[in-house]
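User: I am new to this structure and would like a close look at one part of it. Please take the aromatic side chains that pair up, then follow the charged ones.

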Amino acid sequence: MAADYPDIDIAPFIDHALLTPTATPEQVEQWCGQADRFNFAAVCVYPAYVKQAAELLHGKKTKVCTVIGFPTGATTRLVKLYEAQEAVENGATELDVVINLGWLKSGNTEAVHEEIAEICEETGQTVKVILETNLLTDAEKRLAAEIAMEAGASFLKTGTGWNGGVTVEDVRLLKEVTRESVGIKAAGGIRTLNQALDLIVAGATRIGTSRGIDLIRQRDNLDKGE
């Protein structure tokens with residue numbers, strides 16, 4: 001229960017995500033305003049909206065995050081690299097990159113490593129590697145995490161949210177593998193304050209969710225004793 005974690009300020013953990021296919025410029029403006037108001041860690045938008053978000057959040061604490069190779073990770077290495085470089089040129093400072101799951105499952109770990117390492121090196125920005133843990137065995141999760149860390153990732157992200165929600169067990173597994181050497185972003189189906197706090201206690205250092213405002217309201221209601 002949220003009451004068990006009274007000292008955790010949820011806002012600095014939140015990546016305020018707007019990743020619906022129908023997202024509009026008006027919603028981007030709304031999300032950026034909310035993120036700035038509540039001191040969220042980042043706003044996460046599609047590449048097409050990075051420039052707008054960067055302009056709206058210029059000089060603000062909240063970072064601009066975007067997704068690369070989203071949601072399948074199956075575009076080519078050069079396409080992902082270009083997408084990442086263009087996003088950085090437009091103002092993104094955090095990149096959530098989906099790995100190529102087919103390469104991982106077929107044992108082509110060198111290609112997975114090369115793709116991530118190139119994006120990390122060429123952009124010089126914070127890279128969060130999306131593992132899509134719901135589609136992996138525990139052994140594959142560990143392998144993917146090791147590859148991402150060796151390639152220079154700053155965070156491991158559990159999933160896109162398009163293939164099921166995040167679990168506390170997966171966050172614990174990633175914490176065990178990382179030994180707190182990189183951050184862990186939990187994402188997928190996080191709708192309640194209790195969920196978010198359980199994930200943070202399990203080891204998440206970021207919470208990716210489109211329900212950031214709902215989480216803040218739930219925290220405010222808890223503080224009021226409602």
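Analyst: Trp162 is partly exposed, because its relative accessible area is 46%, and buried would need under 20%. This is a predicted model, so every value here is computed from it.

Trp162 has an aromatic partner, Phe70. The two rings sit edge-to-face. Their centres are 5.6 Å apart, and the angle between the planes is 90°. This pair links distant parts of the chain. Phe70 is in the loop between S3 and H3. Trp162 is in the loop between strand S6 (155-157) and helix H7 (168-178). The two residues are 92 residues apart.

Is Phe70 buried or exposed? Phe70 is buried, with a relative accessible area of 15%.

Phe70 also pairs with Tyr46. Here the ring centres are 6.0 Å apart. The planes meet at 70°, so this pair is edge-to-face; the cut-off for that label is over 60 degrees. Tyr46 belongs to the loop between strand S2 (42-45) and helix H2 (50-56). Tyr46 counts as buried, at 18% relative accessibility.

Put together, ring pairs link Tyr46, Phe70 and Trp162 into a cluster. The structure as a whole holds three aromatic pairs.

One more ring deserves a look, this time with a charge beside it. Lys128 lies over the face of Phe155. The distance to the ring centre is 5.8 Å.

Side chains of opposite charge can pair when their charged atoms come close. How many salt bridges does a search of the whole structure find? The search finds 17.

Start with Asp15 and Arg206. They form a salt bridge, and their closest N and O atoms are 2.8 Å apart. Asp15 is in strand S1 (residues 14-18), and Arg206 is in strand S8 (residues 206-209). The bridge therefore ties together parts that are 191 residues apart in sequence. Asp15 is buried, at a relative accessible area of 0%. Arg206 counts as buried too, at 10% relative accessibility.

Next come Lys157 and Asp96. Their salt bridge has its closest N and O atoms 2.9 Å apart. Lys157 lies in strand S6, and Asp96 lies in strand S4 (residues 94-98). This pair ties together parts that are 61 residues apart in sequence. Lys157 counts as buried at 3% relative accessibility. Asp96 is buried, with 0% relative accessible area.

A bridge between helices comes next. The side chains of Arg142 and Glu176 meet in a salt bridge, at 3.3 Å from N to O. Arg142 is in helix H6 (residues 138-151), and Glu176 is in helix H7. This pair links distant parts of the chain, 34 residues apart. Arg142 counts as partly exposed, at 33% relative accessibility.

Methods: Residues numbered from 1 in each chain as written. Predicted model: local features only at pLDDT ≥ 70, side-chain atom pairs only at ≥ 80, totals over all residues. Heavy atoms only, no water. Phe/Tyr/Trp six-rings, centres within 6.5 Å; stacked < 30°, edge-to-face > 60°. Helix = DSSP H or I, 4+ residues; strand = E, 2+ residues; numbered from the N terminus. Buried < 20%, exposed > 50% of the residue type's maximum accessible area, 1.4 Å probe, protein only. Lys NZ or Arg CZ within 6 Å of the ring centre and 35° of its normal. Salt bridge = Lys/Arg side-chain N within 4 Å of Asp/Glu carboxyl O.
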